[in-house]
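These entries record what I looked up, beginning with a pocket lining and ending with a sheet.

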Amino acid sequence: MTTAAQSATPLVLPGSPAAQAAPGPTEKSGTARTVARLVPAMERYVANLMRREEIPGMAVVIADRDRVLYARGFGVREAGKSDPVTARTVFQIGSVTKGFLATTAAIAVDSGKLAWDTPLVQRYPGFALKDPWLTQQVSAADVLSHSVGLQSYVHDDMIFLGYPLADRLRAAAQAPLTAPFRQRPQYVNLLHPVVGAVAAQAIGEADWDALVARRIFGPLNMSDSSTTREALLAAANHASPHQHLDGKLQVVASVGSYWSSLGVGPAGSINSSARDMGQWLRLQLGRGAIDGQRIVSQANMDETWRPRTMVSPTAGGALGWGVMFAPQGRRITHEGGTASYGANAMILPEAGIGIAVLSNHQQEGLPFALSQWVADRIAGLPAKDYRAGFRRSDTAAAPAAAEAVNSAPLEGRYLSGTLGPITITRQQGQLVMRLEIPGARLRLVPTGALGFSAEVMAEGRFRELVDEGFSPIYQLQFEPGPEGGGYRATAVNPQGIQHTFVKAPG
């Protein structure tokens with residue numbers, strides 16, 4: 001593999017030979033001098049992290065409110081090839097998108113046609129929760145701060161399987177509430193598309209994709225940024241997706257369409273480059289203004305950084321951001337991880353500096369580790385070698401005896417209050433479960449008596465799920481109904497979210 005040092009693109013720092021790529025004057029401000037001092041050690045740390053974690057490529061940008069101070073690519077766009085990552089290489093940024101959603105919501109609040117505490121149900125009648133009172137209370141701010149009370153990652157599986165938003169919201173209306181309202185954050189992606197739709201509607205945009213493009217990407221000249229898979233793949237300078245599977249670095253065959261507007265949407269759909277993220281950091285540090293242009297009011301930008309819940313005495317959840325408090329100042333941050341890319345954005349308000357790190361590997365811990373390292377050095381803290389996190393290694397479910405499959409009449413039509421109608425058939429001696437609403441077929445692989453692993457079949461658009469490693473997607477356990485009646489089953493996804501379905505009579 002090409003090392004980071006071998007393929008890093010030129011440093012972009014005022015006063016360097018590549019300074020023409022950086023906006024603003026070339027004299028070194030205090031923030032520029034601070035960044036310049038830490039660059040050599042940071043680049044050694046980047047090279048060490050990439051080598052240790054086997055990350056093919058990444059890009060780093062550091063900015064203050066006036067200019068991009070540093071933007072550089074490291075490594076390669078695709079393992080085994082020589083095309084280098086540059087400051088213009090496009091990556092998925094995953095849940096770093098949530099900060100953009102919060103800022104577009106702030107724009108809608110500025111318009112006077114939405115308030116942070118406007119109940120979503122007033123603008124989106126299809127929104128409902130299990131508690132009728134709560135349905136009438138939940139606002140955009142509650143969703144953006146993850147303080148609704150729904151179980152973390154509830155029904156993400158339905159997003160990836162391609163269930164329409166209306167069906168996902170129908171399932172959310174039945175989901176248990178496992179935390180007190182507005183008291184403890186539990187991370188939920190499911191409701192962010194509703195906030196995006198409400199914000200777009202409030203200011204007359206067709207949808208959230210159009211809103212973020214016209215109100216953020218355009219004014220900030222973020223020409224590398226987009227919200228669709230097609231735009232990512234069409235970018236001539238885009239990074240290929242990678243994962244570690246069974247301990248080996250692999251290029252992922254495809255990028256899922258479910259990250260875009262019809263799926264995850266404003267919870268994690270943005271593609272961007274280090275160059276563009278530098279502009280985003282500048283807008284945040286400018287509290288809604290950049291290069292003399294006011295994009296968002298300072299008052300509503302400040303609302304996005306205000307913690308709504310606290311997870312500890314020194315950490316809380318704001319709107320689209322997490323906030324960490326330390327004697328040296330706040331760290332406003334959010335990580336982003338899709339199946340095959342990782343990212344982090346971190347703002348240091350008291351230092352007046354922002355950092356963004358993008359990588360072409362699902363290891364989202366590495367971007368956060370690097371941001372933390374930079375933040376520590378800027379704060380004058382001792383250097384710490386942050387460990388980046390985990391590597392994924394898929395393992396197949398253990399096979400069971402054939403009689404576990406054949407001993408029960410499991411074929412037939414089932415009904416689920418969340419997943420909708422389900423049909424189980426036997427094809428060439430194997431049970432296959434079809435989810436009728438999205439059309440996905442899952443192969444049932446025995447794991448024990450009446451227990452199965454549900455593996456997505458790589459056909460049509462569902463091949464993306466297999467390519468990105470979302471299989472098996474459920475562990476199923478069947479049991480006879482009361483008094484020997486029709487079978488019922490419980491399906492549990494990797495986050496522990498349960499669905500139940502019952503065999504229809506007849």
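Entry 1, pocket lining. I asked which element gives the most to the lining of the second largest pocket. I found that this is α9, with 5 residues. The model is a predicted one.

I then looked up the pocket itself, and about 550 Å³ of space lies in it. Its lining consists of 33 residues, and the closest to its centre are S257, S260, S261, L262 and G263. I listed the elements that give two or more residues to this lining: α7 (156–161), α8 (165–172), α9 (192–202), α10 (208–217), α11 (229–234) and α16 (463–467). By residue class, I noted 16 nonpolar, 9 polar and 8 charged residues in the lining.

Entry 2, sheet. I traced the strand order of an open sheet with 8 strands and read it as β2-β1-β14-β13-β12-β11-β10-β9, with antiparallel pairing. I asked why one side of β2 and of β9 is left without a neighbour in the sheet. Strands β2 (68–75) and β9 (309–312) stand at the edges and have a single partner strand each, so one side of each lacks a neighbour there. From one strand to the next, the twist averages 20°.

I examined β12 (residues 331–337) and β13 (residues 342–348), which pair in the antiparallel sense over 6 bridges. For E335, I found N344 in β13 as the bridge partner.

Terms used. Residues are numbered from 1 along each chain as its sequence is written. This is a predicted model: local features need pLDDT of at least 70, side-chain atom pairs count only at pLDDT 80 or more; totals for chains, interfaces and linings use all residues. Side-chain values use heavy atoms; hydrogens and water are left out. Two strands pair if DSSP finds at least two bridges between them. Helices (H or I, at least four residues) and strands (E, at least two) are DSSP runs, numbered from the N terminus. Axes are lines fitted to C-alpha atoms, for helices over the stretch in contact, and angles run from 0 to 180 degrees between N-to-C directions. On a 1 Å grid over the protein atoms alone, a cavity is a set of points where a 1.4 Å probe fits but cannot get out, and a pocket is an open set with protein on both sides within 12 Å along at least five of seven lines; lining residues have an atom within 4 Å of a point. Grid points are joined across faces, edges and corners, and a volume is the space filled by probe spheres set on the points. Ala, Val, Leu, Ile, Met, Phe, Trp, Tyr, Cys and Pro count as nonpolar, Asp, Glu, Lys and Arg as charged, and the others, Gly among them, as polar.
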